[in-house]
Amino acid sequence: MDKYKILIIDLDDTLIDNLENVRYAYTRMVQSVGNEYSEDGFKKWYEIDKKFWKDWQDGLIELPEHLKKETGKKSEEFLNWLRAQRVLIYFDNRISLDKAIELNNLFMNSLTEVVIAIDGAYDTLKYLNEKYYIIIATNGPKIATKDKLSKIRCLDFVNEVLSADMFGYMKPRKEFFEAIQNLLKNYNNEEYLIIGDSLKSDVGFAMNCEFDSCWFNKNNEELTESYKPTMIIKKLKELKKIL
């Protein structure tokens, strides 16, 4: 479609098979404290991680007083505290904050060691890069995002890698998009298209910012009335026909 100039593309579960990525990193984390991998343990971690970031998006995470003053881009202390909370919850608060930060860092670093691409990610991103300005916009950490893109040989097809930890706001918050606009001047909303697998974080993000979206519905989920994607695909390679 000729009207689009900038594609804002999600990473996890859009270009990367996030489930297997997280499983590997979780295994490294628990083995470092002498525990063995178990399906029940992984399910517990996966649900805690998913719920925690949803609660954070919804403003339900209570911050310590000394961190409440931070706005916009967050400090390393803030990010360490925030990410460590998932680890503390998983271990039922039986470890120290410092240990939780250490384990979280191991988990995040391990996320880049084994990376599995979604089918069609390389060919599709290579094709799109020849026609559009490509932004990867993720709620995950920037350093892990760049490493993941390198592992699936797609980093060279990307113009910008933007993450929530750069701005202090997560998708679907409009402030995330405002931060993007501050980086890229002179573009109108109708020239942006967001592509992602999440109705809330991607389609909802586009709706909050008043631009078009493409929902990557690879799991055949039901479309709820609350969300109105501009277009829907079930395989990434469909983008080569649409765009």
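Predicted model: local features only at pLDDT ≥ 70, side-chain atom pairs only at ≥ 80, totals over all residues.
The charged end of Lys 218 sits over the ring of Phe 216, at 5.4 Å from the ring's centre.

**Aromatic pairs**

- A pair of aromatic rings is described by the distance of the centres and the angle of the planes.
- Phe 176 and Phe 205 have ring centres 5.8 Å apart and planes at 70°, an angle over 60 degrees, so this pair is edge-to-face.
- Phe 176 belongs to helix H8 (residues 174-183) and Phe 205 to helix H9 (residues 199-209), so the pair ties together parts that are 29 residues apart in sequence.
- Phe 176 has a relative accessible area of 0% and is therefore buried.
- Phe 205 likewise counts as buried, because its relative accessibility is 0%.
- Tyr 187 and Tyr 192 form another edge-to-face pair, with 6.4 Å from centre to centre and 70° between the planes.
- Tyr 187 is partly exposed, at 32% relative accessibility, whereas Tyr 192 is buried, at 0%.

- Ring pairs join Tyr 26, Tyr 37, Phe 42, Trp 45, Tyr 46, Tyr 90, Phe 91 and Phe 107 into a cluster.
- Tyr 90, one of the cluster's members, has Lys 44 lying over its face, at 4.9 Å from the ring centre.

**Ser 201 in helix H9**

- Helix H9 contains Ser 201.
- Ser 201 has a relative accessible area of 13% and is therefore buried, the cut-off for that class being under 20%.
- Apart from neighbours within four places in sequence, Ser 201 is in contact with Gln 57, Asn 139, Lys 171 and Pro 172.

**The crossing of helices H2 and H3**

- Helix H2 (residues 39-57) and helix H3 (residues 76-90) have axes that come within 9 Å and cross at roughly 140°.
- This angle makes H2 oblique to H3.
- The crossing in which H2 passes H3 is right-handed.
- On the H2 side, the residues that meet H3 are Gly 41, Lys 44, Trp 45, Ile 48, Asp 49, Phe 52, Trp 53 and Trp 56.
- On the H3 side, the residues that meet H2 are Phe 78, Leu 82, Arg 83, Gln 85, Arg 86, Val 87, Ile 89 and Tyr 90.
- Trp 45 and Tyr 90, included in these two sets, are also among the residues of the ring cluster.

Conventions. Residues numbered from 1 in each chain as written. Heavy atoms only, no water. Phe/Tyr/Trp six-rings, centres within 6.5 Å; stacked < 30°, edge-to-face > 60°. Helix = DSSP H or I, 4+ residues; strand = E, 2+ residues; numbered from the N terminus. Buried < 20%, exposed > 50% of the residue type's maximum accessible area, 1.4 Å probe, protein only. Lys NZ or Arg CZ within 6 Å of the ring centre and 35° of its normal. Contact = heavy atoms within 4.5 Å. Axes fitted to C-alpha atoms, helices over the stretch in contact; angles between N-to-C directions. Parallel < 35°, antiparallel > 145°, perpendicular 65-115°, else oblique. Left-handed = near helix turned anticlockwise from the far one by under 90°.
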